[in-house]
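Here's a quick tour of a few local features worth a look in your viewer. Have the sequence and the coordinates open side by side as you read.

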Amino acid sequence: MIVQARVLVVDDDAEIRTLLSRHLRRLGYTVEEAGDGEEALALVGKVVPDVVVTDMAMPRLDGLGLLKALRSTDPDLPVIVLTGQGSLDNAIHAMREGVLFDYLLKPLPDLALLEMAVRRALEVRQLRDRAREADQVVAMRELAVTASDRILNPLNVIDLSLATLAREGITSEARAKAVATIEQAIETITHVVRQMRAVARYVPREVTRGLREIDLENATTEQQESD
């Protein structure tokens, strides 16, 4: 079990919610409670849990609505649904769509089933996090190579231009052209450095998820606005 893993229990039935929460706390989990989907989303907006255990039929925002909302904010967040026979088809459909990790039928005959489901969900969460970390390392290397190439190329141009300026008998036209080339190369290097500074401002979770999608051409926007 992950030490102090966070579990969010969502159920409009206070007795059931308390029963599940107490059992999970005895197992060592940090547990938060919500009475419906809207309350759950408010809690997730503050601190993202490691796994969510939710009822299906709830007021305001039901289990399906909560699943879809969580899917849009954190696709890898495992969700376990507690469902009655009447909502079983919805739960099975959600699993096929990939928005649900597991489901348990209510009433639970044994809380050990919940314990096993949560443990499996946390193990999957860990594996997904490790996979993202590995992808992040590869993407960081790719990003570093791209940035280094875009800096080394204009540096080579500067070196050649300086060699041109050092020649004896260089015409004023050739001198002006070499100076303009150097200025352009310096501008390019500065642009790339600003891009890298902008990329460095992303928080770890955003870098992990979207690093491969970062567009160096547009990465300067945030940096320029803050300068």
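Let's start with aspartate 102, which sits in strand β5, residues 102-105. Keep in mind that the whole thing is a predicted model. Is aspartate 102 buried or exposed? Its relative accessibility is 13%, so aspartate 102 counts as buried, the cut-off being under 20%. As for its surroundings, leave aside residues up to four places away in sequence, and aspartate 102 touches Val79, Ile80, Val81, Met95, Ala117 and Arg120. With arginine 120 there is also a polar contact: the two side chains are joined at 2.7 Å.

Next up, the helices. Two packed helices are described by the angle between their axes and the distance between the axes. For helix α2 (residues 37-46) and helix α3 (residues 63-73), the axes come within 9 Å and cross at roughly 20°. Angles under 35 degrees count as roughly parallel, and α2 and α3 are therefore roughly parallel to each other. The handedness of the α2 and α3 crossing is right-handed.

Which residues meet there? From α2 come Gly37, Ala40, Leu41 and Val44, and they meet Leu66, Ala69 and Leu70 of α3. Sorted by type, the residues of this contact come out as six nonpolar, one polar and no charged. An α-helix has 3.6 residues a turn, so residues three or four places apart point the same way. Within α3, the buried residues include Leu66, Ala69 and Leu70, and those three are also among the residues that meet α2. Gly63 and Leu67 of α3 are buried too.

| Spot | Torsion | Note |
|---|---|---|
| lysine 106 to proline 107 | omega near -5° | cis peptide bond |
| arginine 60 | phi near 60° | positive, in a residue other than glycine |

Where is proline 107 found? Proline 107 lies in the loop between β5 and α5 (111-166). Arginine 60, for its part, is in the loop between β3 (51-55) and α3. Is arginine 60 buried or exposed? Its relative accessibility is 59%, and the cut-off for exposed is over 50%, so arginine 60 counts as exposed.

Notes: Residues numbered from 1 in each chain as written. Predicted model: local features only at pLDDT ≥ 70, side-chain atom pairs only at ≥ 80, totals over all residues. Heavy atoms only, no water. Helix = DSSP H or I, 4+ residues; strand = E, 2+ residues; numbered from the N terminus. Buried < 20%, exposed > 50% of the residue type's maximum accessible area, 1.4 Å probe, protein only. Polar contact = N/O pair within 3.5 Å; in protein donor to acceptor, adjacent residues only side chain to side chain. Contact = heavy atoms within 4.5 Å. Axes fitted to C-alpha atoms, helices over the stretch in contact; angles between N-to-C directions. Parallel < 35°, antiparallel > 145°, perpendicular 65-115°, else oblique. Left-handed = near helix turned anticlockwise from the far one by under 90°. Nonpolar A, V, L, I, M, F, W, Y, C, P; charged D, E, K, R; others polar.
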